[in-house]
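Please look over the sequence and the structure shown below before reading on.

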Amino acid sequence: CSKSGIRSVSSFGFSPILKTYSSRAAAEAQSSTFLRRTSYRMMSSRSIDQNGNAETSTTTTTTMIASVPPTARREEDRYILAGKLAETEPNYLAPDGKPLARQSDSSPNALLDPPVKVSDPYGWLRDESRTVPEVLEHLNNENAYTEHLTAHLSDLRSDIYQEMLAGIKETDYTVPVQNGEWLYYSRTFEGKSYKSMCRAPLKDGWEELAKQWDGSMDSPILPGEVAYLDVNELAEGKSYCATGQVRPSPSHNVLAYSADFTGNEVCQIFVKDINTGEIIDHDETLECYGQLQWGADDKTIFYLKMDSEKRPYQLYRHVIGNDEPDELLYQEDNALYWVGLSKSFDDKYIFVSSRSKESAEVHFLDLTDSNAKLQCVAERRKKVLYSVRHRAGSWFITTNVGGTPNMRLMVSPAVANSEDSWKDMVDQNGNVMFNGGYERAISGFTSFESH
């Protein structure tokens with residue numbers, strides 16, 4: 001990365017990027033302080049005490065009504081520096097110890113040198129921790145004002161919601177999909193917000209059996225149905241819940257899933273024994289990206305960690321029951337590239353893709369070899385995007401190599417550094433199937449065992 005970046009500066013000498021100000025005195029001094037109109041209602045009542053004497057009691061009810069929109073205070077002295085920064089500059093490094101780079105090495109455009117000041121009067125509102133009282137108060141005031149301003153729409157909102165709900169079949173299920181000796185599907189239930197993930201043993205004629213479901217919540221879709229993950233139960237007592245990826249193990253006895261309970265796209269990983277329902281592996285201190293994959297057995301899990309900007313950039317291997325630290329297999333230091341994790345349809349390879357908007361690079365790990373190391377399918381090239389699938393000893397590749405306006409479909413032997421052997425895939429008549437031209441486009445594909 002070039003020695004460049006953007007940093008935030010305050011004339012008060014505070015930490016430039018993460019510092020937020022919580023001085024209520026300063027906020028209250030602003031003429032734009034959030035205002036509320038207070039109304040009082042006096043209520044009197046008379047009662048007779050046990051001695052027969054009349055008593056009068058008065059109750060005061062206070063109603064807080066948001067009357068004007070809240071306005072965040074401005075720090076006119078706050079600014080950020082945009083351009084080329086010297087290593088001697090304060091806060092040249094990000095909190096994770098890496099330079100605050102905002103431009104790739106391949107960019108033809110020179111950075112501003114010397115850097116220029118860019119006004120940042122509302123920078124104090126940045127709070128990744130979601131704990132600064134002044135920031136939270138401002139957000140609560142904005143919500144209160146919005147509720148007040150749209151209160152007259154309450155009945156309309158309810159009517160629209162009920163109208164939309166009437167067009168949805170709430171108690172339903174997805175089409176079962178075979179995975180090994182099991183059929184996997186999910187169910188939804190009337191009145192519940194989340195789905196329940198289910199499976200049933202694979203049986204001949206299961207398509208007809210599913211058609212016999214009576215439509216009730218209590219009846220199974222298929223014989224032997226088991227709910228291996230009910231997200232409604234997972235969400236109980238939590239203000240937010242979203243599952244990332246849910247993966248049964250190779251033996252189908254264990255389940256690994258990621259879940260976000262904050263809404264900040266930061267997940268935790270849980271490993272569950274499907275037969276007993278017990279959580280057998282979970283590190284509450286581990287924060288990661290939502291993607292995960294099993295290795296060749298029920299003990300090995302691959303997952304991604306994120307940097308301070310919530311960019312997935314590290315691939316780790318975790319062995320269940322192993323007290324050793326998880327093994328770092330790959331790290332992408334270029335801030336323009338995001339790392340993705342997938343697995344070949346035949347379960348033979350783990351794929352680790354590193355992609356920007358214009359370039360890509362894919363590494364693979366052979367799961368059939370316990371001593372295998374990550375290898376590169378094809379090194380990244382300027383303006384070249386590609387993705388990879390595997391089938392029967394060959395890479396099947398979609399790519400815009402050659403500067404084509406659409407993706408080409410190419411094939412090569414499944415080896416490392418294969419870019420020189422990529423060839424356009426042809427049909428039975430020898431015609432190129434997808435040449436990347438304007439006449440025909442391909443957005444994705446799946447490779448099966450037989451075709």
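In which strand is valine 377 found? In this predicted model, valine 377 belongs to strand E22, which covers residues 375–378.

**Valine 377 and its surroundings**

- Valine 377 has a relative accessibility of 0%, and because buried means under 20%, this residue counts as buried.
- Leaving aside residues up to four places away in sequence, valine 377 touches a set of residues that includes Val362, His363, Phe364, Tyr386, Val388, Trp395 and Glu419.
- Glutamate 419 lies 42 residues from valine 377 along the chain, yet the C-alpha atoms of the two are separated by 7.3 Å.

**Nonpolar cores**

- The largest nonpolar core has 17 residues, and Val377 is among those with the most contacts inside it, together with Phe351, Tyr386, Val388, Trp395 and Trp422.
- Two or more residues of this core come from each of strand E20 (349–355), strand E21 (360–366), E22, strand E23 (386–391) and strand E24 (394–399), and E21 gives the most, with three residues.
- Another core lies apart from this one and has 15 residues, among them Tyr184, Val231, Ala235 and Ile274.

**A four-stranded sheet**

- Four strands form an open sheet in the order E15-E16-E17-E18, and their pairing is antiparallel.
- Strand E15 (292–294) and strand E18 (327–331) are the edge strands, each of which pairs on one side only.
- On average, and with direction ignored, neighbouring strands of this sheet are turned by 20 degrees against each other.
- Strand E17 (residues 312–319) pairs with E18 in the antiparallel sense over four bridges, and leucine 315 has tyrosine 330 in E18 as its bridge partner.

Key
Residues numbered from 1 in each chain as written. Predicted model: local features only at pLDDT ≥ 70, side-chain atom pairs only at ≥ 80, totals over all residues. Heavy atoms only, no water. Buried < 20%, exposed > 50% of the residue type's maximum accessible area, 1.4 Å probe, protein only. Contact = heavy atoms within 4.5 Å. Core = buried A, V, L, I, M, F, W, Y, C linked by side-chain atoms within 4.5 Å. Pairing = 2+ DSSP bridges. Axes fitted to C-alpha atoms, helices over the stretch in contact; angles between N-to-C directions.
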